[in-house]
Amino acid sequence: MHGRVKLKSTAQQEEEKKKEREKKLKIYVATRDACFSKRKESICDDEALQLTQQLLSSNPDFATLWNYRREILMHLETVKDEDEIQKVYISELSFLESCLKVNPKSYGSWHHRGWVSARLPRPDWARELSLCDRCLSLDDRNFHCWDYRRMVVKMSGVPVDQELAFTDRLIGSNFSNYSSWHYRSTLLPLLHPESPEPPSPCREPPHSSLPPSPQTHSHRVCEEQLLKEYELVQNAFFTDPNDQSAWFYYRWLLGRAEREEMISCVYVSREEERVAVAFSRPVNAQSVGLLLVLDGQPQRVEWTSVHPRFKHSPVWICALPPGTISDITNEHNLTVHWTEKHTHRDCALYTGRSESWCRDSATDQELFRSELSVEKTSVLQSELQSCNQLQELEPLNKWCLLTIILLMRALDPLGYEKETLAHFQTLKEVDSMRCAYYSDLCSKFMIENTILKMEYAEVRVFSISDKNLTTLCHLDQLLLVTHINLSSNQLQRLPPQFAMLQCLEVLEADNNSIESLEGVYHLPKLEEVLLKNNKISTLADLQPLASCPRLKRLDLRGNPVTQTANIESELAELLPSVTDLLL
């Protein structure tokens with residue numbers, strides 16, 4: 001045994017490590033308590049600065065200590081001259097670099113660095129940009145560093161074209177750099193904006209005293225640059241078809257169009273003496289400045305959302321004073337002003353008419369193509385051809401399949417309906433983890449197609465039965481629908497948005513899996529509800545129907561609720577207007 005090094009046992013090593021940890025912990029706790037004590041007594045001296053530095057060097061995510069450190073530094077600003085403060089903050093930046101080496105994604109360290117840089121008397125922005133370059137070379141997806149870089153660029157006035165060239169370099173070295181693609185999407189509209197379209201004259205009141213509406217900032221890119229971006233991103237996804245970064249950027253290039261904010265529909269009912277207004281986006285009508293003018297006279301009305309759950313909604317309703325428009329021999333002219341957006345919508349209720357409306361159709365607006373750009377057909381057709389070529393090489397690539405679907409919808413949603421459904425089926429097979437997402441997206445597109453068909457036929461009947469629907473959307477576009485058929489799908493609920501169907505008279509939803517009728521709320525014209533073979537299990541699930549005053553026929557056959565004792569008498573009490581009940 002002579003001459004051999006004596007080795008400590010595992011137990012001895014663990015015991016020594018434990019004692020060392022306990023020793024460090026005692027020092028850490030003592031230093032922390034000293035910091036807290038000093039802060040409590042509002043002591044902002046060099047010793048406090050040293051103590052916080054000691055703690056933050058080992059744990060840079062101690063937010064309270066960063067706050068205390070800023071208090072100390074702000075105090076020092078009041079007792080030191082500019083040159084001394086410059087030295088203090090330069091030292092602080094050096095300290096922060098050591099913290100970032102401990103944790104390059106420390107929220108506290110990056111936030112504090114931004115705070116220090118903004119207060120530095122003579123900041124060296126070139127040095128800060130160099131720091132960002134070094135950090136991003138180590139991890140090009142460090143979003144803390146990207147946020148800080150944007151702040152530095154803004155404060156130092158770095159030209160946009162210089163930053164765009166910076167993204168060129170990063171993307172060129174790594175197509176998978178999602179942060180660079182995203183940053184590029186914020187720079188392009190600034191450097192290569194699309195020429196703004198002149199405002200539509202029909203949106204302004206002809207003799208309005210309101211100031212002209214400000215021009216909406218465009219997030220779209222001019223066509224010449226757009227074509228270059230298509231080429232760049234195609235190089236990326238042809239190089240690595242399975243990397244999602246370039247595909248997401250491509251989706252952004254295709255989807256820059258934004259729908260104009262406006263009043264899309266005004267509906268007036270003589271019988272109910274009420275007005276319904278649909279907007280192009282959810283609003284709070286009680287705060288956006290909505291003015292109703294009837295026959296030249298402003299009306300004092302209370303706007304309410306279609307469902308109690310909505311503070312913001314695309315559809316709002318109001319009741320007119322009794323007797324205002326009830327006489328069918330009178331003609332009325334109604335105008336709704338959206339004062340916040342300096343726009344309005346007129347609607348005339350003619351003699352002998354019980355209702356009237358004025359609306360923009362989804363077909364006229366190409367509403368369901370607005371998620372993609374309204375570029376020339378030839379450009380989008382060329383992009384579709386490129387994606388089809390890639391799909392031949394990579395037939396099971398989910399990103400390629402999904403992009404093909406979006407391009408088809410931008411070009412001709414009805415003409416490509418069959419191909420779209422086939423691609424969705426393939427997507428569900430190759431990416432089964434997201435099967436529910438693809439089902440919902442497919443449902444959305446099927447609803448859009450059905451709305452287009454309904455409008456082309458100029459009818460108020462919406463029928464989309466046996467299409468495997470899993471969700472409902474675009475219900476604000478169905479404000480004028482009188483009859484809806486949702487039978488033989490996979491719906492589990494009629495959501496609160498269903499209350500936007502203010503003209504609905506007949507609801508067919510047989511053979512689904514519906515458990516909740518929350519959206520069938522206060523539909524003033526609803527007379528017939530067919531819910532055969534669903535999963536409504538309690539009387540409480542039927543409570544929303546009690547708010548529909550004209551409901552006469554209800555079919556609940558094949559629902560668990562029909563097994564409830566005394567079901568007929570309880571339903572008669574809950575729904576006294578129903579005269580034709582099928583159980």
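User: What is the relative accessible area of asparagine 511?
Analyst: This is a predicted model, in which local features need pLDDT of at least 70 and side-chain atom pairs count only at pLDDT 80 or more, while totals for chains, interfaces and linings use all residues. Residues are numbered from 1 along each chain as its sequence is written, and side-chain values use heavy atoms, with hydrogens and water left out. With buried meaning under 20% relative accessible area, exposed over 50% and partly exposed in between (1.4 Å probe, protein chains only), asparagine 511 counts as partly exposed because its relative accessible area is 34%.

User: Which loop holds asparagine 511, and what is its phi?
Analyst: Helices (H or I, at least four residues) and strands (E, at least two) are DSSP runs numbered from the N terminus, and on that numbering asparagine 511 sits in the loop between β12 (506-508) and β13 (528-530). Most residues other than glycine have a negative phi. Asparagine 511 is not a glycine, yet its phi is positive, near 60°.

User: Where is aspartate 295 placed?
Analyst: Aspartate 295, also not a glycine, has a positive phi of about 50°. Its relative accessibility is 40%, so aspartate 295 counts as partly exposed. Its place is in the loop between β3 (290-294) and β4 (297-298).

User: Which residues does leucine 542 contact, leaving aside neighbours within four places in sequence?
Analyst: Contact here means heavy atoms within 4.5 Å. On that criterion, the partners of leucine 542 are Leu517, Ile536, Leu556, Val561, Leu571 and Leu574.

User: How much space lies in the largest cavity?
Analyst: On a 1 Å grid over the protein atoms alone, a cavity is a set of points where a 1.4 Å probe fits but cannot get out, whereas a pocket is an open set with protein on both sides within 12 Å along at least five of seven lines; lining residues have an atom within 4 Å of a point. Grid points are joined across faces, edges and corners, and a volume is the space filled by probe spheres set on the points. The lining of the largest cavity draws at least three residues from each of domain 3 and domain 5, including Arg359 and Leu480. The space in this cavity is about 80 Å³.

User: Which residues of the lining are closest to the centre of the second largest pocket?
Analyst: About 270 Å³ of space lies in this pocket, and α16 gives the largest share of its lining, three residues. Of the 16 residues that line the second largest pocket, those closest to its centre are Arg359, Glu455, Glu458, Val459 and Leu480.

How values were computed:
Domain bounds come from an automatic or database domain assignment.
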